[in-house]
Amino acid sequence: MRPINLQEPETPKKGILAFSKSPVWMLAFRPFFLMGAMLALVSVGYWLLILTGYTAWQLTIPATLWHAHEMLFGFAGVVAVGFLLTAAQTWTGVPSISGTPLIWLTFIWLAARFCFFILVPDFANLNLYLVMMLQLIWWLGAIATLANMLFKAKNKNNYPLLAVLVVLCALNTFYLALILNHDLQYALATVDTAVLIMTLLIGIVAGRVIPFFTAKGLQLAKQVSTPKIDIALLYSSILAIALFFISKLFLNDINPALGFTLVAVLHLIRSYFWWNKGVLNVPLLWSLHISYFTLSVGLFLVALSLSSELIPFQDALHLITIGTIGMMILAMMTRVSHGHTGRPLVIPHFMAVAFALVMVAGIIRSLFPLFIESYLAWQLSAVLWLVAFLLFLIHCIPILTRPRIDGRRG
């Protein structure tokens with residue numbers, strides 16, 4: 001590993017240099033976690049206003065497709081990139097993006113969010129072209145940064161993570177192009193595929209961090225290792241997702257239900273091996289374990305929705321988007337925010353409540369429409385989500401905007 005200079009540089013007293021040297025620009029997790037959590041709050045809050053009829057949707061893109069884009073490519077995308085660009089510094093020993101380049105990358109991501117709402121009467125789709133361009137630039141900037149770190153260190157073990165980001169970038173661009181071409185059904189299939197790609201990313205990252213965090217948090221002699229299951233899970237996930245994408249866009253006769261059932265079983269087996277009853281006493285651990293377990297349940301429901309009419313596909317998928325992606329993001333952001341700023345891995349009780357609220361929100365959104373009015377279930381789920389991410393921001397804004405407490409850079 002190459003050594004990293006951990007000394008805090010002298011900070012200029014004023015001007016743009018002082019701004020670029022402020023703590024929030026020291027590593028990607030700081031601004032990206034902040035922006036992601038704020039988007040989770042603002043976009044779902046706006047979505048709730050639309051659902052309840054308090055505001056009207058006036059953009060050319062359908063509201064449901066905007067919501068899908070912002071929650072997956074906006075929120076989940078920026079948090080995933082923030083985590084990977086931060087973790088890669090530890091994995092490779094190569095300094096990650098910081099300072100002025102990180103400011104520019106953050107600005108591009110923010111600009112894409114606002115460009116959705118640019119309305120030009122003589123050019124109705126200008127907003128979507130701008131979003132497509134900015135999102136592509138942002139993805140390419142993040143991919144180039146991660147690739148530079150991994151290639152410099154010849155860190156081949158993490159090349160699959162780079163490939164996942166490339167696929168997400170391609171799907172994001174393809175999604176917006178399909179909307180511009182008014183192929184809305186294919187656009188929906190594309191974003192659904194991107195959700196499943198995100199589960200592939202979660203499977204890889206979870207395999208790295210959950211056993212490690214569990215062993216460290218419970219002071220175990222060694223962490224659990226499941227290399228054969230990890231390999232089987234990687235290839236079976238790729239196959240199932242590829243079959244899903246092909247079935248939705250090209251060959252309707254293909255049914256990937258069996259593939260997702262296999263992936264769900266492998267996730268379930270791995271979560272069983274990782275489990276230790278001691279995690280129930282540590283919110284930063286049980287939140288990760290439960291969100292990962294929910295992935296196997298969600299994939300079972302996805303397989304069920306593809307082979308029967310017992311549950312709609314979108315309801316099944318939302319157990320994954322909220323109960324797995326949402327809850328794991330909240331838990332990982334909290335854990336990384338503490339760990340990478342030198343703070344103890346102890347959180348206030350209200351953050352444990354926030355983790356639980358996201359899980360309940362996922363259950364309500366995915367299963368309650370089977371028993372109550374769908375719109376009511378969506379609204380209840382959105383309210384719980386908003387409370388959870390508001391609690392995160394209350395707790396983590398002071399952490400993410402202040403220097404490490406041990407004086408190191410990060």
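**Salt bridges in the predicted model**

The structure contains 3 salt bridges, a salt bridge being a side-chain nitrogen of Lys or Arg within 4 Å of a carboxyl oxygen of Asp or Glu. The model is predicted, so that local features need pLDDT of at least 70 and side-chain atom pairs count only at pLDDT 80 or more, while totals for chains, interfaces and linings use all residues. Residues are numbered from 1 along each chain as its sequence is written, and side-chain values use heavy atoms, with hydrogens and water left out.

E70 and R113 pair through their side chains at an N to O distance of 2.6 Å. E70 belongs to helix α3 (residues 63-92) and R113 to helix α4 (residues 99-115), and the pair links distant parts of the chain, 43 residues apart. Helices here are DSSP runs (H or I, at least four residues), numbered from the N terminus. E70 is buried at a relative accessible area of 1%, and R113 is buried at 7%; buried means under 20% relative accessible area, exposed over 50%, and partly exposed in between (1.4 Å probe, protein chains only).

In the salt bridge between D230 and R270, the closest N and O atoms are 2.7 Å apart. Because D230 lies in helix α8 (residues 227-249) and R270 in helix α9 (residues 257-274), this pair ties together parts 40 residues apart in sequence. D230 is partly exposed, with 27% relative accessibility, whereas R270 is buried at 2%.

R365 and D315 form a salt bridge between their side chains (2.7 Å, N to O). R365 is in helix α12 (residues 349-367) and D315 in helix α11 (residues 313-339), so parts 50 residues apart in sequence are tied together. R365 is buried at 9% relative accessibility, and D315 is buried at 8%.

How values were computed. Helices (H or I, at least four residues) and strands (E, at least two) are DSSP runs, numbered from the N terminus.
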